Amino acid sequence: MANYADFQIGLYLAGLGGELPAYPLTFAGLEAAAQAKMEHRLWDYVAGGAGDEHTQRANVAAFERWGILPRMLSGAAERDLSVELFGHRLPAPVLMAPIGVLGVMTDDGHGDLAAAAASASSGIPMIASTLMQDPLEEVAAALGDTPGFFQLYTPNDREVAESLVRRAEAAGFRGIVVTLDTWTLGFRPRDLQHATFPQLRGACLANYFSDPVFRSRLAASPEDDPGAATLHWAMTFGNPTLTWDDLAWLRDLTDLPLLLKGIGHPDDVRRAKDEGVDGIYCSNHGGRQAASAPALELLPAVVDAADGLPVLFDSGVRSGADVIKALALGATAVGIGRPYGYGAVLGGTAGIEFVLSCLLAEADLTMGLNGYAGIAELTREVLLRC
């Protein structure tokens, strides 16, 4: 059985012929290279967060407070990182988290398709955002045999929401991830300083502009009057009135697994489970929404309350070691956000594939060098507070 760590052997061997890695191997390197390449407003949108961005920094610092207890002579020369998720056997407990401007982060302006192609080649599932530059049907087709998930920002027009979910199901997505913490934008000073954000300029609205129900609400087609279509999107994007009473409606829209993203309180987890949700996604939106809301600190209690229900996690994941720590705290699978987004900026599909390979190699080595051969061995007992 091949180990993901073999990726680094390939880099060393290529170096014998004078070939250096095409992209940076650390998050800091990816971040700096992406910043140097991106338009400044788009960079601030992607890299920025809510308030003074303390929550973003705290997300990263939370991982630094955990260490992994090493066990030697344990026979971990070969590792199995595969996991079961909603009936699918995944090669590793990693997913690409939704990025709402991914489509415009690549040179060709088709970042969602680039990520889907990377998903198809790596077997790492993509959670595709509602905010895509290409219609969801095209992105789903590019996933190949790798299961993909569709993330829903629930609009205040129920018929548009229903249309998006049914399109996602028909296109072949394998689950619906409903984001709860973004019914309006968080207070983001970087974006406010520019007095704009990408969607108001018409970016990444392909799923709306291609939707028959959304188009029926317009006096003119998005092609003829993109400004009016964008304004209508802005008026319908969020649903501040969404409550627990609406969960039955969301549940009835599809037979696909339904996950709630942004859940952090154990009582909310238990209620979601009682209401028939199939999975919980513990996240603080990468520190972009409610400033001061923690993420990793909430994960153990969320897992306990889920009581066997799959729990996904993202926010602050910067390395393969971070992935292992989140798994040890109980996550079923871990979402990667900005790292692969920066890979998309630097090299499209190839850049994303490189970043995923680095993360998986580091996760694999972190397990092996610490003496753990399988995901089931990663429990809270393997972690130490630093």
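Predicted model: local features only at pLDDT ≥ 70, side-chain atom pairs only at ≥ 80, totals over all residues.
Setting aside residues up to four places away in sequence, Y208 touches T130, L131, Y153, L164, F214, R215, W233 and F237.

Y208 also belongs to the largest nonpolar core, which has 122 residues. Within that core, Y208, L299 and F313 are the residues that touch the most other members. As general background, nonpolar side chains in soluble globular proteins tend to be buried together. Which helix supplies the largest share of this core? That share comes from α16, with 14 residues.

I turn now to α16 itself and its packing against α15. A packed pair of helices is described by the angle between the two axes and the distance between them. Here, α15 spans residues 320-328 and α16 spans residues 338-369. Their axes come within 7 Å and cross at roughly 60°. The pair is therefore classed as oblique, and the crossing is right-handed.

Which residues make this contact? From α15 there are G320, A321 and I324, and from α16 there are L359, E362, A363, T366 and M367. Sorted by class, the contact comprises 5 nonpolar, 2 polar and 1 charged residues.

Finally, consider S357, another residue of helix α16.

Definitions and conventions. Residues numbered from 1 in each chain as written. Heavy atoms only, no water. Axes fitted to C-alpha atoms, helices over the stretch in contact; angles between N-to-C directions. Helix = DSSP H or I, 4+ residues; strand = E, 2+ residues; numbered from the N terminus. Parallel < 35°, antiparallel > 145°, perpendicular 65-115°, else oblique. Left-handed = near helix turned anticlockwise from the far one by under 90°. Contact = heavy atoms within 4.5 Å. Nonpolar A, V, L, I, M, F, W, Y, C, P; charged D, E, K, R; others polar. Core = buried A, V, L, I, M, F, W, Y, C linked by side-chain atoms within 4.5 Å. Buried < 20%, exposed > 50% of the residue type's maximum accessible area, 1.4 Å probe, protein only.
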